[in-house]
Amino acid sequence: MSVNAAQAVFLELPPEASFLSLAVSAAETAGKAWDLGPGRTPRLALAVEEFFEYLRCNTPPGETLRLTLRRRGPALCAEFRFRAKSLDLRAMNFAAGIAPEDGREMGLLLAARFTDRCRLERRGPDGFMLAAEVDRDYPQAEPLRQAPRLQPPYTPLDHPPGDILRHAAMLAAGRYPLRLCPHGFSEPGRLLDMVEAGLYDALVLADAAGRPAGLMLWRAPAERLSVAFSGPYVLDEARDPAIARGLVEGFLARVARTPAVCAVSERPTEDLPEAYFEPLGSVTRTQGGEAVEQRSYFRALREDEGASIWACAELEPFLRQEYERLAFAREILPVEPDGGEAHSLLSTDLDLRRGLAVLRPLLDGRDLAANLARHVEALVREGAPDIFLHLDLGQAWQAAMAPAILAAGFQPRLLLPHGATSDMVVFEHGDAAH
Amino acid sequence: MATPRTDPAAWNMNTLLERIPAHVREFECYVPSRPDPVLMRQYGVSRLYRLNNNENALGPPPLAREALAVLKAGRAAQYPSGDSYNLRQVLAARFGKSAERFLVGNGSTEIIGAVIKSFCEPGDAIVTAEQTFAVYEWVARFSGLETRLTPLLDRALDPAAMLAAVDGRTKIVFLCNPNNPTGAWWERETLEAFLAQLPGDVVVVLDEAYREFVDDPRFPDGMEVMERHPNVLVFRTFSKMYGLAGLRVGYLCGAQELVDVARRCHIVYSVNIAGQVAAEAALADDAGHIAATRAMVAQARDFLRGEFDALGLEHIGGAGNFIMVRTPVSDTLMYRRLMRQGVMVRTMTNFRFPNWIRVSLAQGEAMEAFARAFRTSLDRE
């Protein structure tokens with residue numbers, strides 16, 4: 001066991017029952033050391049127990065299980081890395097094991113119920129990572145509905161002091177609908193921890209008296225070519241467009257010389273100056289039982305030199321229309337479903353607080369249509385009405401899945417250039433809740 | 001899809017990558033543009049006007065062309081002069097200085113690397129502008145140095161802000177004069193006042209890549225300035241006015257002591273024979289070439305200013321063979337729309353000018369092609 005800068009603990013464990021208690025104990029110790037709290041720590045320990053038991057039973061002799069317990073800002077994360085060799089990956093589907101005849105629930109489904117987020121990721125040719133996160137509790141802050149009277153000029157603060165950031169978050173929470181506000185706006189301590197941990201970057205514009213006039217947030221998801229932004233949040237009474245422009249120009253200047261090739265909206269507000277962005281379309285999000293159209297915006301940060309992508313004939317009309325509209329030069333290479341292996345594998349990012357699930361293909365399989373149907377059924381039952389599927393057009397085997405995805409009731413809604421290893425299509429399930 | 005393979009090498013790759021320095025891991029790898037035929041195929045065009053790199057549309061001066069034309073293929077088997085001996089003699093005669101005070105490199109970018117490696121170590125800082133030639137910042141960042149960037153003032157380098165950013169850890173200040181991409185420049189008095197206030201133990205790189213495009217007596221001559229301020233290193237290039245961008249030749253000149261230090265971290269033999277020969281010849285008959293280039297640039301600038309004014313668009317065009325215009329759409333979208341019509345410009349997001357494009361100034365045909373494509377692109381709004 002080793003500890004890295006007090007932010008992570010690494011264990012390499014033999015897949016034997018006698019080491020279960022060590023894994024669980026490590027999770028409990030990490031929860032205590034990193035202030036997860038007595039009410040939340042058992043959730044992490046339960047996830048570790050569940051994952052270890054499944055992986056232990058399915059790991060061949062000679063293999064080891066690598067467990068990392070990591071502090072990621074407001075959350076503690078348990079990550080199991082393992083190799084797929086001889087493992088029945090079918091059972092790693094979120095929806096696996098929920099059929100009545102199986103008699104028990106396991107894996108991601110069970111973990112999802114007592115953690116805040118969980119996911120399965122592919123790491124290399126035969127490596128996988130199974131992860132669960134549990135958030136710390138933070139005190140709620142009342143949104144501030146009275147905007148201060150501001151005084152130009154406005155100055156950008158790259159690393160805003162905690163009290164300014166907290167103030168900005170509370171003001172934004174009082175001015176923008178809940179769906180446009182990250183969780184950290186109602187719990188500013190969470191936002192501060194996320195910024196400190198580098199999970200979010202924040203830009204605040206301060207007025208002449210040092211009061212927050214605007215806020216922009218962005219994050220760079222691991223191994224993606226894009227940055228996802230929220231905002232701009234304009235905090236003055238008159239909603240001065242100069243503040244929104246200052247935030248957007250400041251944001252673009254700060255990401256322009258990073259590895260990101262594009263910026264994509266995560267929570268675009270109505271103050272977004274559209275001249276800086278390209279509308280991608282919209283998806284439907286559920287808010288208080290109501291369906292709300294959320295527009296999506298994109299912006300390349302570099303010159304696009306064209307590319308080739310894979311696509312099935314069924315998806316080609318949608319792609320050609322979007323590429324023409326967005327003026328992207330793309331060569332569409334035809335691909336057809338080939339059936340692949342018997343069983344498909346999907347990863348599921350599940351965020352029950354937001355009622356949101358995102359599916360991503362990890363392995364193709366002849367059971368894909370049925371597998372998708374099982375996932376939709378399970379996710380709706382678990383309380384995730386908004387179900388999306390992200391398809392990487394840089395992977396021929398993924399592009400070949402389109403007919404099965406369409407047949408399962410998903411519709412292509414957005415084409416996101418450079419959203420994956422190449423361009424990505426965002427499918428939305430049409431019958432989940434809308 | 002096939003069943004995943006067992007691959008221990010790949011399994012260990014993540015660990016290996018985690019051990020590389022953070023400043024390298026976080027650095028954006030520069031992606032050069034693809035060859036013209038590839039771009040033309042991708043964008044479905046049969047002709048491509050390159051207005052993105054500020055190349056001289058007139059090409060090299062006549063004697064440089066002749067020198068290249070008579071260059072024997074057999075010389076490719078020989079190493080070039082490792083320190084560009086003859087070219088340094090020509091430069092020395094041209095500027096009235098010792099040849100030892102010149103260091104020639106494979107473009108100015110190589111010289112930037114040599115200077116940073118020679119004068120800086122981890123923990124040091126460099127100062128430059130937020131909106132200027134990007135290579136100073138890039139090389140400093142992937143060398144593990146702190147980069148202190150100061151905003152422009154009225155589209156020009158801000159001397160007060162740059163002085164305020166200098167402290168005991170600052171080893172080099174990079175001044176791009178005229179500034180790329182705004183074309184603004186410091187007059188002699190501004191530069192002298194700046195140098196007088198700057199501590200003498202800070203190296204000043206005065207990058208004059210576009211100085212030959214300026215025909216104004218108020219423009220300071222770095223070759224003269226360095227004689228009063230021995231901490232000044234002047235950078236010049238054969239890639240812009242002299243039309244030799246494809247051969248990559250740039251050089252620095254400064255106090256012998258500083259050049260000797262920079263030479264220690266400079267790669268010898270990095271400038272090829274063709275580059276050295278063409279650069280020597282280019283200096284021999286540059287007067288007519290410079291006059292013709294200036295006339296072409298002035299005509300093109302006037303034409304585009306008129307176009308942009310007619311469209312009601314803000315533009316910036318000072319010294320240099322380029323002009324910037326603020327577009328009503330994202331610059332990266334404008335780039336794609338123009339590329340679909342066979343015109344390549346430079347997007348300015350990376351220069352921290354979002355929604356601006358920079359257009360190289362060239363002959364009438366290219367300018368008219370750009371103007372047509374630009375108007376067509378705007379009509380889509």
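1. In this predicted model, the C-alpha centres of domain 1 and domain 2 of chain B are 26 Å apart. Domain 1 of chain B covers 32–58 + 288–379, and domain 2 of chain B covers 62–284; such bounds come from an automatic or database domain assignment.

2. Here is how those two domains meet. On the domain 1 side of chain B, 23 residues are in contact with 20 residues of domain 2 of chain B, where contact means that the C-beta atoms, placed from the backbone, lie within 7 Å. Both α13 (286–311) and β10 (322–326) of chain B give at least two residues to that side of domain 1, and α13(B) has the largest share, with four residues. Helices (H or I, at least four residues) and strands (E, at least two) are DSSP runs, numbered from the N terminus.

3. What is the make-up of that side of domain 1 of chain B by class? It has ten nonpolar, nine polar and four charged residues. Nonpolar covers Ala, Val, Leu, Ile, Met, Phe, Trp, Tyr, Cys and Pro; charged covers Asp, Glu, Lys and Arg; the others, Gly among them, are polar.

4. Now to the two chains: 35 residues of chain A are in contact with 32 residues of chain B. On the chain A side, α7 (241–255) and β13 (290–300) each give two or more residues, and the largest share, three residues, belongs to α7(A). By class, this side of chain A has 16 nonpolar, five polar and 14 charged residues.

5. A word on conventions. Residues are numbered from 1 along each chain as its sequence is written, with chains lettered from A and ligands numbered from 1 in the order in which they are written. Local features need pLDDT of at least 70 and side-chain atom pairs count only at pLDDT 80 or more, while totals for chains, interfaces and linings use all residues.
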